[in-house]
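Work through the exercises below with the model open. Try each task before reading its solution.

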Amino acid sequence: MAATSAASNDSSEDLPTTTQEHLYKILVIGEFGVGKTSIIRRYTEGYFTPNYKLTIGVDFALKTLDWDDTVKVNLQLWDIAGHERFGHMTRVYYKYAIAAIVVYDVSRPATFDAVLKWLYDVNSKVMLSNEKPVPVLLLANKCDIEEAVIDRDKVNSFCEEHNFIGWFPTSAKSNTNIDEAMKFLVEHILSLPADSQQVMPDKMSSMPSSITSSLDASLHMENKDSGGQRITCCKV
C-alpha cells in the first residue's frame with residue numbers, strides 16, 4: 001500500500017500547471033515629440049530610429065510577457081498623439097485602460113509643465129472598476145542628452161504630491177530603464193485588487209484588426225452628430 005501511495009503522489013506532481021493569461025491596456029501619453037513612439041518601439045520591437053513620423057490620432061503595439069511559470073501577460077500599449085489631449089475622441093481611446101504612462105522630454109521644460117494636464121485628463125476619463133484612479137507612471141525621457149539635467153528631488157516631490165506610482169529617467173535611444181520601468185508598472189498592475197480590473201471585450205483580446213473594428217463602432221457613435229466624419233483611430 002505504501003508503494004501505491006507513493007506512485008500516486010508522483011503522478012499528481014506531473015500534472016501540467018494551469019497558466020493564467022492577462023490582457024492589459026496601457027496608455028502612453030504626453031506632449032508631441034517627447035518620445036512616446038520611440039519608447040514603445042524600443043520596448044516591443046527592440047530598436048530605435050530617429051525618423052518616426054508624427055503620430056496622428058492613436059496607434060498601438062502589442063507585447064507578450066511570460067511573467068513566470070504560471071502567468072502570461074499581454075500588453076496593449078496605446079500611443080496617443082500629443083495634440084489629442086483635449087480632443088473629443090480621447091474618452092474612446094482611454095476606454096478599458098488599466099494604467100497610464102505620462103512621458104516628458106527632459107530637454108524641454110514645457111513638456112514637464114504639461115504633465116499635470118495629461119494626468120488630470122486621464123483621471124477625468126477613465127478609472128478602475130473599483131472607481132479608483134488608474135495607476136500612472138512618469139517617464140523623464142531623453143536622459144541621454146548631456147545638456148539636460150534632472151532635478152531628482154523635484155521630480156520625487158512632484159510624483160509624491162500627485163500620486164504617481166513612481167518615475168524613471170529613460171532613453172529609448174540608449175535603451176536606458178525602458179524594460180525596468182515597464183517591469184515596475186506590470187508588477188504594480190498585477191498587485192491591484194481583483195475587483196479593480198476591468199474586463200475587456202473578447203474582440204479587444206484578438207487580432208489588432210479586431211481592435212480597430214471594435215473601436216470603429218464607438219467612433220461612429222461618437223461622430224454621428226458631427227457630420228458623419230470618419231476618424232481613422234488606429235494604424236495596423
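This is a predicted model: local features need pLDDT of at least 70, side-chain atom pairs count only at pLDDT 80 or more; totals for chains, interfaces and linings use all residues.

**Exercise 1. Strand β4**

Find which strands pair with β4, and in which sense.

*Solution.* 
- Step 1. Locate β4 at residues 97-105. Nine of its nine residues are buried, so the strand is mostly covered under the 20% cut-off.
- Step 2. Look at strand β1, residues 20-29. Five bridges pair β1 with β4, in the parallel sense.
- Step 3. Look at strand β5, residues 136-141. β5 also runs parallel to β4, joined to it by six bridges.
- Step 4. Follow one residue across. Val102 of β4 is the bridge partner of Ile29. Val102 also has a bridge partner in β5, Leu138.

**Exercise 2. Asp79**

Decide whether Asp79 is buried or exposed, and find the nearest side chain of opposite charge.

*Solution.* 
- Step 1. Check burial: Asp79 is buried.
- Step 2. Check charge: the nearest opposite side chain is Lys36, 4.9 Å away. A salt bridge needs a distance within 4 Å, so Asp79 has none.
- Step 3. Check polar partners: the side chains of Asp79 and Thr37 make a polar contact of 2.4 Å.

**Exercise 3. Cysteines**

Count the disulfides, then classify Cys143 and Cys159 by accessibility.

*Solution.* 
- Step 1. Apply the cut-off: two cysteine sulfur atoms must be within 2.5 Å. The count is zero disulfides.
- Step 2. Cys143 has 27% relative accessibility, so it is partly exposed.
- Step 3. Cys159 has a relative accessible area of 4%, so it is buried.

Technical notes
Residues are numbered from 1 along each chain as its sequence is written. Side-chain values use heavy atoms; hydrogens and water are left out. Buried means under 20% relative accessible area, exposed over 50%, partly exposed in between (1.4 Å probe, protein chains only). Lys and Arg count as positive and Asp and Glu as negative; His and the chain ends are not counted. A polar contact is a pair of N or O atoms within 3.5 Å; within protein, one must be able to donate a hydrogen and the other to accept it, and residues adjacent in sequence count only if both atoms are side-chain atoms. Helices (H or I, at least four residues) and strands (E, at least two) are DSSP runs, numbered from the N terminus. Two strands pair if DSSP finds at least two bridges between them.
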